[in-house]
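Subject: Structure for you to look at

Hello,

My notes on it come after it, and they are meant to be read with the model open beside them.

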Amino acid sequence: MTKLDEEKSDIEGLFQFCTQNSFGSVSKQELDIFLFGLFKKREFIKGDNSWEIACELKISKSKAQKYLYETELRENKANERSDKLKAVLDKIPTIEKDGTLSLVIDSLYMRDFVRNELRKENYFSDRSFASDVVKMPVEGYLFLLKKYNNDQYKKFNQEEFIKVLKDIPSNFLGKRVSEIFGESAGKMAEKGIGFVINKFIGVRKMG
């Protein structure tokens, strides 16, 4: 499709949206959400997260999150949700003081999706943390990893992983795995979660 064809398709889509009932009957909120989705799709809005989008559009972060949520709610398909969750699970989780794990997820839509997936399997996430943090039991994290990022799941021994995390020395608690070993999160992510856990077990045994 040429650029001219894309522009024509966008205009036709906007016209159909505005005339779906009667012209002028679409609320400003619905029109804003439609235009936000269109501008994001065509990369006029370039921000990768809610804060960048908020700065770009000169709106609050909560408003940017709302636009992202409403757009994703209308447009996301099951395969797209799976791909996005796989990307989320590529990140290195934070080990909390109680031995649970937490992930920072900017997208409100994906946070709700993750919490719903956990709830269906009777794994309940903690909402007392910052709004963009999803805290979950280790077993819940492994369930998500196995279902949505099986390549990473296969890289470590599940029983040993749970055993180690439930017996973390107090001076290790609450730290990110990448901080413990003094390596950047990006570098550790490239090596994969399996490497992180294996190295963590090795440090534990040496201590």
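The notes below go from the whole protein to its helices, its sheet and a few single residues.

This is a predicted model, in which local features need pLDDT of at least 70 and side-chain atom pairs count only at pLDDT 80 or more, while totals for chains, interfaces and linings use all residues. Residues are numbered from 1 along each chain as its sequence is written, and side-chain values use heavy atoms, with hydrogens and water left out.

The whole protein

The protein has twelve helices and three strands. Helices (H or I, at least four residues) and strands (E, at least two) are DSSP runs, numbered from the N terminus. Of the 207 residues, 38% are buried. Buried means under 20% relative accessible area, exposed means over 50%, and partly exposed lies in between (1.4 Å probe, protein chains only). The protein exposes about 12,500 Å², and carbon and sulfur atoms supply 52% of that area. Accessible areas come from the Shrake-Rupley method with a 1.4 Å probe, and for residues only the protein chains shown count as cover. Among contacts (heavy atoms within 4.5 Å) between residues at least 6 apart in sequence, 55% join residues at least 24 apart.

Two helix pairs

How do helices α3 and α4 cross? The axes of α3 (residues 50–57) and α4 (residues 61–75) come within 8 Å and cross at roughly 110°. That makes α3 roughly perpendicular to α4. Axes are lines fitted to C-alpha atoms, for helices over the stretch in contact, and angles run from 0 to 180 degrees between N-to-C directions. Angles under 35 degrees count as roughly parallel, over 145 as roughly antiparallel, 65 to 115 as roughly perpendicular and the rest as oblique.

On the α3 side, the residues that meet α4 are Ser50, Trp51, Ile53 and Ala54, and their counterparts in α4 are Lys61, Ala64, Gln65 and Leu68. By class, this contact of α3 with α4 has five nonpolar, two polar and one charged residues. Here Ala, Val, Leu, Ile, Met, Phe, Trp, Tyr, Cys and Pro count as nonpolar, Asp, Glu, Lys and Arg as charged, and the others, Gly among them, as polar.

Gln65 lies in helix α4 and is buried, with a relative accessible area of 13%. Leaving aside its neighbours within four places in sequence, Gln65 is in contact with Ser50, Asp106 and Arg111.

The second pair is α5 (residues 78–89) and α6 (residues 108–120), which pack at an angle of about 90° with their axes 11 Å apart. That makes α5 roughly perpendicular to α6. Arg81, Lys84 and Leu85 in α5 meet Tyr109, Met110, Phe113 and Val114 in α6. The contact of α5 with α6 has five nonpolar, no polar and two charged residues.

The sheet

The three strands form an open sheet in the order β1-β2-β3, with antiparallel pairing. β1 (94–95) and β3 (133–136) stand at the edges with a single partner strand each, so one side of each is left without a neighbour in the sheet. Two strands pair if DSSP finds at least two bridges between them.

β1 and β2 (residues 101–104) pair over two bridges: Ile95 is the bridge partner of Leu101, and Thr94 is that of Ser102. β1 and β2 form a hairpin with five residues between them, and Gly99 in the turn has a positive phi of about 85°. β2 and β3 pair over four bridges, and Leu103 stands opposite Val134 in β3.

Single residues

Most residues other than glycine have a negative phi. Which residues have a positive phi although they are not glycine? Lys58 has a phi of about 60°, and Asn122 has one of about 65°. Lys58 is in the loop between α3 and α4 and counts as exposed at 73% relative accessibility. Asn122 is in the loop between α6 and β3 and is exposed at 58%.

Lys147, in helix α7, is partly exposed, with a relative accessible area of 47%. Lys147 and Lys86 are 61 residues apart in sequence and 9.1 Å apart in space, C-alpha to C-alpha.

Regards
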